[in-house]
Amino acid sequence: MGDSMKTELVSAIYLQEVELQDRAADAPQDAKNNNNDETFTVEEAVETIGFGRFHILLFVIMGSANIVEAMEIMLLAVVSPEIRCEWRLEDWQVALVSMIVFLGFMVCGVLGGYIADRYGRWKVVFGGFVWSAYFSLLTSFAPSYGWFIFLRSMVGCGVAGVSQGFVLKTEFIPAKHRAFLLPLASVFWMTGSMLIIVLGMLVVPTMGWRWMIRLSLTPSIILIFLFMFIPESARYNVSAGNIQAAVNTLNRIATMNRASLPPGRLMEPPVTERGSWRTLLSAAFRKTSFLLWYSWFVASFSYYGSVLSSSELLEKNLLCVTDAVQVRHHHEAGRCYCIPFGFNDYQTLLISCLGEVALVPVNICMLSLIGRRKSLMLLQLLSAILFMMINICTTMFGFTLLLFLLRSLVSMNFNVVYIYTAEVYPTAVRSLGMGFCTSFSRIGGMIAPFIAQVLMSQSVILALSPFAVSCVICAAGSFLLPIETKGRALLQSS
């Protein structure tokens, strides 16, 4: 009996030791399982990684895309006097060049946004680089006015794809840095504008406008190779269900920034309805979409109105002129405005370009302190006032100063509306939303030349008034925007 009890006691002790060992062995596995149960979103990963070397690279390369876009758009202001003389064009024919470019932008803006939401941002931006560079090169060989406007419309289509780079850039930047970094992109836009003006000043008088266009392609060719260093948007990959690609991208960014991802694994449900226009017109975004479409129309209408009005006033010597109809210059074959830009005209355009970045610190402070909606209201009202002040008869210095301030305000307005649009729409329709908005903006860009270049020949005050009135109406619309995006995380879906 005693031996039996001893045996049972030994067996019980042995079983207890085995159980303790099993528990000890299971403890790390349980901890590992608990760690695997932890998940994080792309938004949390972007905020955890923070700002670092990757974002500097992103800022430089994607910001340089603005150089290309600005050079292609500002090229119209520099080339207009030259093609007017070479092909003996009337005012409406010169204005038609700008309209056709913006028509190409408008058509391809929506298409590019849809493709970017369905198949990726990177493909659209890269394709836009190649497309715009190719057709811009062909433009320099245009044998006639008809070929010129057709090829420039193709360039506008490519630039529409390049503009999707703003969405790609925004989706990588942490929320607290967006108000600071995104307005700084105007530095690159100003650089592109100044480059094309300097090229015009140096190349056009000696080699002609065709060689100016060819030399202006240099930044595009360089960027085609640099863009290989930019990955596809992690937010897009997650929305498309490609989790592993998103993780690889986030790990690459974390390594470059010498940071780490949040503990756990990336987990977000894929978005089945991507690139759907119905989302833009749903109850959540309908009012925002309609107001934004008009805001973009006015942003482009006022911006290109300021650019083309200034070049028109300088080219035709309409400063302090009360009756513009009486001011005519003659070509040997008949009536024609055929006066190429002089050095002082290029100089005035250069100084006005500086206005696009002179008030960037003010723009950053406004976005951080009063938010996006109030910034839009204030900038649009001030733009309206400056448009009417351009009509004041003053010296060339006074005109340059007014133009400098006007370019600052309309440029800041464009910055804010870009930022607000990228922040307010979810990832599933962000590119499509941007595409629709840029298309509406190009309608403004299409109308602006006929006001600034055709109506200006009849009356300066009549040409400037539509820009001022549209800005006032837009300020009222900005007051009605239902969503403030200051400090808000980017949404994945509606």
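## Starting at Leu 96

Leaving out neighbours up to four places away in sequence, Leu 96 is in contact with Tyr 145, Ile 149 and Phe 450, where contact means heavy atoms within 4.5 Å. Leu 96 belongs to helix α4; helices here are DSSP runs of H or I with at least four residues, strands are runs of E with at least two, and both are numbered from the N terminus. With 18% relative accessibility, Leu 96 counts as buried. Buried means under 20% relative accessible area, exposed means over 50%, and partly exposed lies in between, using a 1.4 Å probe and protein chains only. Leu 96 and Met 446 sit 350 residues apart in sequence, yet 8.1 Å separates them in space, C-alpha to C-alpha.

Before going on, a word about the model: it is predicted, local features need pLDDT of at least 70, side-chain atom pairs count only at pLDDT 80 or more, and totals for chains, interfaces and linings use all residues. Residues are numbered from 1 along each chain as its sequence is written, and side-chain values use heavy atoms, with hydrogens and water left out.

## The whole chain

Let's step back for a moment. The protein chain has 21 helices and four strands. Of its 494 residues, 58% are buried. Among contacts with a separation of 6 or more, 84% are between residues 24 or more positions apart. The accessible surface comes to about 20200 Å², and carbon and sulfur atoms account for 67% of that surface; such areas come from the Shrake-Rupley method with a 1.4 Å probe, and for residues only the protein chains shown count as cover.

## The nonpolar core

Which residues touch the most other members of the largest nonpolar core? They are Phe 129, Phe 148, Ile 196, Ile 197, Met 212 and Phe 227, in a core of 145 residues. Helix α3 (residues 53–86) gives this core its largest share, 18 residues. A nonpolar core is a set of buried Ala, Val, Leu, Ile, Met, Phe, Trp, Tyr and Cys residues joined through side-chain atoms within 4.5 Å.

Take Phe 148 as an example. Apart from neighbours within four places in sequence, Phe 148 is in contact with Val 79, Ile 83, Trp 87, Val 97, Thr 139, Ala 142 and Trp 209.

Is Arg 121 buried or exposed? Arg 121 is buried, because its relative accessible area is 0%. Arg 121 is found in helix α5 (residues 121–139), and a polar contact of 2.7 Å joins its side chain to that of Glu 171. A polar contact is a pair of N or O atoms within 3.5 Å; within protein, one must be able to donate a hydrogen and the other to accept it, and residues adjacent in sequence count only if both atoms are side-chain atoms. Beyond four places in sequence, Arg 121 also touches other residues, including Glu 232, Tyr 236 and Arg 430.

Ser 132 is in helix α5 too, and Ser 132 is buried, with a relative accessible area of 0%. The Ser 132 side chain reaches the backbone oxygen of Phe 129 at 3.2 Å. Not counting residues up to four places away, Ser 132 touches Glu 72, Val 155, Gly 158, Val 159 and Val 162.

## More links across the sequence

Tyr 114 is found in helix α4 (residues 91–119) and is partly exposed, at 35% relative accessible area. Tyr 114 and Gly 435 are 321 residues apart along the chain, while their C-alpha atoms are separated by 7.6 Å.

In helix α18 (residues 371–389) we find Leu 376, which is buried at 0% relative accessible area. Setting aside neighbours within four places, Leu 376 is in contact with Asn 413, Val 416, Val 417, Ser 478 and Leu 481.

## A bend and some positive phi values

Helix α9 bends by about 35° at Gly 200; the bend is the angle between axes fitted to the seven residues ending there and the seven starting there. Just after α9, Gly 208 has a positive phi of about 95°.

Most residues other than glycine have a negative phi. Arg 88 has a positive phi near 55°; Arg 88 is in the loop between α3 and α4 and is partly exposed at 47% relative accessibility. Arg 258 also has a positive phi near 55°, and Arg 258 is exposed at 71% relative accessibility.
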